[in-house]
Amino acid sequence: MSRPVTILIGALGGDGGGVLCDWIVAAAQSQGLGVQATQIPGVAQRTGATTYYLEVMPAPGPQASVLALNPAIGEVDVALATELLEAGRMIFNGFVTPERTTLIASTHRVLAIGERMAMGDGSFDVGRLLRAVKERSKAQILFDMDQAAEESGGVINAVLLGALAGSGRLPIPDAAFEAAIRHAGKSVDTNLAAFAFGRGHARGELEQAVREHRKRQAAGQGVEDLIERARRAYPTTSLDAVEEGIRRLAAYQDRTYAALYLDRLDTVQALGSAELLRETARHLAVRMSFEDVIRVAQAKTSAERIGRVRSEVRAKEHEPLEITEHFKPGIEEICAMLPPSLARRILAWAERTGRLGKVYLSMHVRTTTIWGFARLRFLASLRWWRPRSFRFVEEQAEIESWLASIRAAAPLSIDLAREIAESARLIKGYGDTYKRGLQNYHRIANEVIAPALAGRMAPRAAADAVANARVAALADPEGESLSRTLAAIASVSLPLRNAAE
């Protein structure tokens, strides 16, 4: 008896998983193939999975077969996911296996409710997701299908159908899938364009074009030689993070700043841990592209951002759009852009007079007007001044101190060094958010990291202590959880220190 091809689809609410399932059924039936589909709707959006399961016979005609209604662990031939974490769910549940499953998934992320509610960066580690995808599936077809759908004017389910057709896992010709889209009669032209894009990507027809585009993009930024330097020096597992860091910092500042990024990573590469290198590269790129007034102005006036806002409010091209930005800079934010010596004097004066953290300048800037847009574009053009600013000088000193702790910890324990690298998650944003995160990091550095590097804590215990303190710092903005955690760590480590003495 012929074994059916089993297909599991994981979709978010609104991604058209049910329509995708119907397209596959219609295409299979048009070829005389036996097919059965089960739709299991879950809670909409990100609080529950919506899954669809299909079994398709490999050849037409009557066959003695019993088709199942639900997927079995380890018995799925093709898994399709409209978002990367949905692929992770299927892997976690055991449906995707390295012996059998072809995984077709979009690499974009839609944050889950728990990720959005986290006080700090609660987003799931995309690097871990991608590693799991590559290790736990037999074959993979991965690309940003959400972007492909947007560029083609279609929807993500049509891109996913094209990728399924391009995988060759079903005995169904492309024309049958296209006929199913036409028969449905909705957004036919755009869905066919999205289908063609997904099919071409799955068959490798777009890989060369993408490589050439990236090469031109990197060359235009003047960082192609830096990327080649990274590829020669660093392990393959770290290159995705490193190359993204190079492009990010070249766009943020300039080529020289991106080269400094690699110089700093060279000192971490010498420690001999590929995993530590990748984690440090990821966090270092974020720390070096810290949020300041210049960066905020760049983001607020970017064409992509204005287009995104227009799309979100569903404004048509002929309809007017007004965007009003609300700013409330304090003395610290203003001083961040001044020369260090002047900024320190003003900050000292503000602290003496009780104005620090109490005096703010409220501003409303309409970026859809010429004057408002020009004001922010002027600030965005001050990249040349950034290395001379107080915030830049202070941030570079903090980064060097953080890297020095990682390098000092590595000979004691790679796990400890990795946890110190992860502690950079506490430092982000600007204003009160940045100040609070930096204060929490300093508390952990002084009360946990410094004693560990001085040998007053066992390396394994120190790694756990840094991890626990970081989680506590992210748990609440007021720092009460961190205070309790640091007190608990101190109560455990003090008897050990006295015993050692």
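G330, I331, E332, E333, L356, G357, V359, Y360 and D432 line the largest cavity. Keep in mind as you look around that this is a predicted model. The space inside the largest cavity comes to about 40 Å³, and the structure has one cavity of 30 Å³ or more. Helix 16, which covers residues 331-335, gives the largest share of that lining, with three residues.

The charged end of K328 sits over the ring of Y360, at 5.4 Å from the ring centre.

## Helix 15 and its two sides

Which residues of helix 15 are buried? In this helix, running over residues 303-312, they are R305, V309 and R310. Looking down the axis of helix 15, you would find its buried residues within an arc of 140 degrees, so they line one face of the helix.

As for the buried residues of helix 15, what covers them includes helix 14 (293-300) and strand 7 (324-327). Just after helix 15 comes R314, with a positive phi of about 60 degrees.

## The second largest pocket

Helix 15 also has a part in a pocket. The second largest pocket has a volume of about 930 Å³. It is lined by 30 residues, and the closest to the pocket centre are D15, D146, A149, E150 and G154.

Which helix gives the most to the lining of this second largest pocket? That would be helix 15, with five residues. At least two lining residues each come from helix 1 (17-30), helix 5 (145-152), helix 6 (156-167) and helix 15.

## Aromatic pairs and a charge over a ring

The count of aromatic pairs comes to seven. Take F143 and F197, which form a tilted pair, with 6.2 Å centre to centre and 50 degrees between the planes. This pair links distant parts of the chain: F143 belongs to strand 6 (residues 139-143) and F197 to helix 8 (residues 188-202), 54 residues apart.

Elsewhere, Y252, Y257, F290 and F392 make up one aromatic cluster. There is also a charge to point out at Y434: R391 lies over the face of that ring, at 4.0 Å from the ring centre.

## D77, tucked into a loop

D77 is in the loop between strand 3 (50-56) and strand 4 (78-81). Its relative accessible area is 2%, so D77 is buried.

What does D77 touch, leaving out residues up to four places away in sequence? The answer is R3, P4, V5, T6, R100, T101, T102 and R169.

R407 is part of helix 19 (residues 390-409). With a relative accessibility of 28%, R407 counts as partly exposed. Setting aside residues up to four places away in sequence, R407 touches T267, L271 and E400. One of these, L271, is 136 residues from R407 along the chain, and the C-alpha atoms of the two are separated by 7.3 Å.

T485 has its place in helix 23 (residues 480-500). T485 has 18% relative accessibility; the cut-off for buried is under 20%, so T485 counts as buried. Neighbours within four places in sequence aside, T485 is in contact with N468, A469 and A472. T485 and A472 are 13 residues apart along the chain, with their C-alpha atoms separated by 6.8 Å.

Technical notes: Residues are numbered from 1 along each chain as its sequence is written. This is a predicted model: local features need pLDDT of at least 70, side-chain atom pairs count only at pLDDT 80 or more; totals for chains, interfaces and linings use all residues. Side-chain values use heavy atoms; hydrogens and water are left out. Buried means under 20% relative accessible area, exposed over 50%, partly exposed in between (1.4 Å probe, protein chains only). Helices (H or I, at least four residues) and strands (E, at least two) are DSSP runs, numbered from the N terminus. The arc is that of the directions from the helix axis to the C-beta atoms. Contact means heavy atoms within 4.5 Å. Rings of Phe, Tyr and Trp (its six-membered ring) pair if their centres lie within 6.5 Å; planes under 30 degrees apart count as stacked, over 60 as edge-to-face and the rest as tilted. A charge sits over a ring if NZ of Lys or CZ of Arg is within 6 Å of the ring centre and within 35 degrees of the ring normal. On a 1 Å grid over the protein atoms alone, a cavity is a set of points where a 1.4 Å probe fits but cannot get out, and a pocket is an open set with protein on both sides within 12 Å along at least five of seven lines; lining residues have an atom within 4 Å of a point. Grid points are joined across faces, edges and corners, and a volume is the space filled by probe spheres set on the points.
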